[in-house]
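Me: I would like to go through the terms used for this model and see what each one rests on. Please set each value against its definition.

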Amino acid sequence: MSGDDLNPAAVAQLVEDVQGDGRWLSQHSRFVLECKDGEPDVLFVGDSMVQLMQQFEVWRDLFSPLHAFNFGIGGDTTCNVLWRLQNGELENIRPKAVVLWVGTNNYEHTAEQVAGGILEIAQLLTSRLPKAKIVVLGLLPRGERPNPLREKNAAVNNLLRSWLPRLGQAQFLDVSRGFVHSDGTISSQDMFDYLHLTSAGYSTIAKPISDLLLQILEETPEERRASLV
């Protein structure tokens with residue numbers, strides 16, 4: 001997208017409290033408090049794909065030992081994550097790595113807009129956390145059978161592969177392989193509702209994420225600075 005275009009997926013936005021119980025803002029407030037009390041080495045931020053991860057053994061086995069915070073909220077779009085990060089969720093913390101996973105809920109936006117929104121968040125992260133490595137996870141395929149949203153998510157991933165190298169400290173990690181079978185279907189063994197992951201699905205994506213995070217965390221400060229140049 002050209003710099004003159006107003007991308008609606010890159011505009012920070014609160015979630016409207018339709019149900020009237022204030023849950024979204026309460027979760028955000030809890031995250032802001034966590035920033036005051038903790039010192040994470042890794043920050044996961046995004047939508048339900050991030051949020052639900054902490055309910056499975058992969059979080060306890062692979063990510064909790066890395067001193068990881070989980071700032072995932074179900075239903076969030078790029079706009080909502082952008083608002084949260086601009087309003088306190090990056091204060092007082094200096095993680096060495098941030099894992100960003102968001103975009104599949106941006107139903108109203110085009111693939112180019114979604115990718116632009118994700119890029120906007122990555123740019124904010126690199127600005128606020130200049131010493132951190134930013135890992136942007138690719139969107140997963142969705143739906144039991146081929147459908148337009150699956151095609152859109154794949155298009156977002158292709159754009160991110162092209163755009164993210166502009167940010168020296170950000171990289172794209174594709175975790176979508178292996179979910180679509182040769183006949184084009186996705187198994188409920190991997191995604192119980194053909195969107196959210198089962199324990200087996202999280203196990204599939206966890207290893208490449210964990211391997212990359214361990215590599216980042218094991219770098220010396222000198223190596224980290226050199227890789228950002």
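Me: How do you know that the span of helix α5 agrees with its number of residues?

Reply: First, the basis: this is a predicted model, in which local features need pLDDT of at least 70, side-chain atom pairs count only at pLDDT 80 or more, and totals for chains, interfaces and linings use all residues. Residues are numbered from 1 along each chain as its sequence is written, and side-chain values use heavy atoms, with hydrogens and water left out. Helices (H or I, at least four residues) and strands (E, at least two) are DSSP runs, numbered from the N terminus. The expected span of a helix is 1.5 Å times one less than its number of residues. Helix α5 (residues 111–128) has 18 residues and should span 26 Å; its end C-alpha atoms are 26 Å apart, so the two agree.

Me: What makes α5 largely enclosed?

Reply: Buried means under 20% relative accessible area, exposed over 50%, and partly exposed in between (1.4 Å probe, protein chains only). In α5, 13 of the 18 residues are buried, so the rest of the structure largely encloses this helix.

Me: Why is strand β4 called largely enclosed?

Reply: Because five of the five residues of β4 (residues 133–137) are buried. Lys133, Val135 and Leu137 point one way from the strand, Ile134 and Val136 the other way, and all are buried. In a regular strand the side chains alternate between the two faces of the sheet.

Me: How do you know which strands pair with β4?

Reply: Two strands pair if DSSP finds at least two bridges between them. Four bridges join β4 to strand β3 (residues 97–101), running parallel, and four join β4 to strand β5 (residues 170–173), also parallel. Leu137 stands opposite Leu173 in β5.

Me: What makes the largest cavity a cavity?

Reply: On a 1 Å grid over the protein atoms alone, a cavity is a set of points where a 1.4 Å probe fits but cannot get out, and a pocket is an open set with protein on both sides within 12 Å along at least five of seven lines; lining residues have an atom within 4 Å of a point. Grid points are joined across faces, edges and corners, and a volume is the space filled by probe spheres set on the points. The structure holds one cavity of 30 Å³ or more, and the largest has a volume of about 60 Å³. Among the residues lining the largest cavity are Asp47, Trp101 and Leu195.

Me: What is the volume of the largest pocket, and which residues lie nearest its centre?

Reply: The volume of the largest pocket is about 310 Å³. Of its 15 lining residues, Val15, Glu16, Gln19, Arg23 and Trp24 lie nearest the centre.
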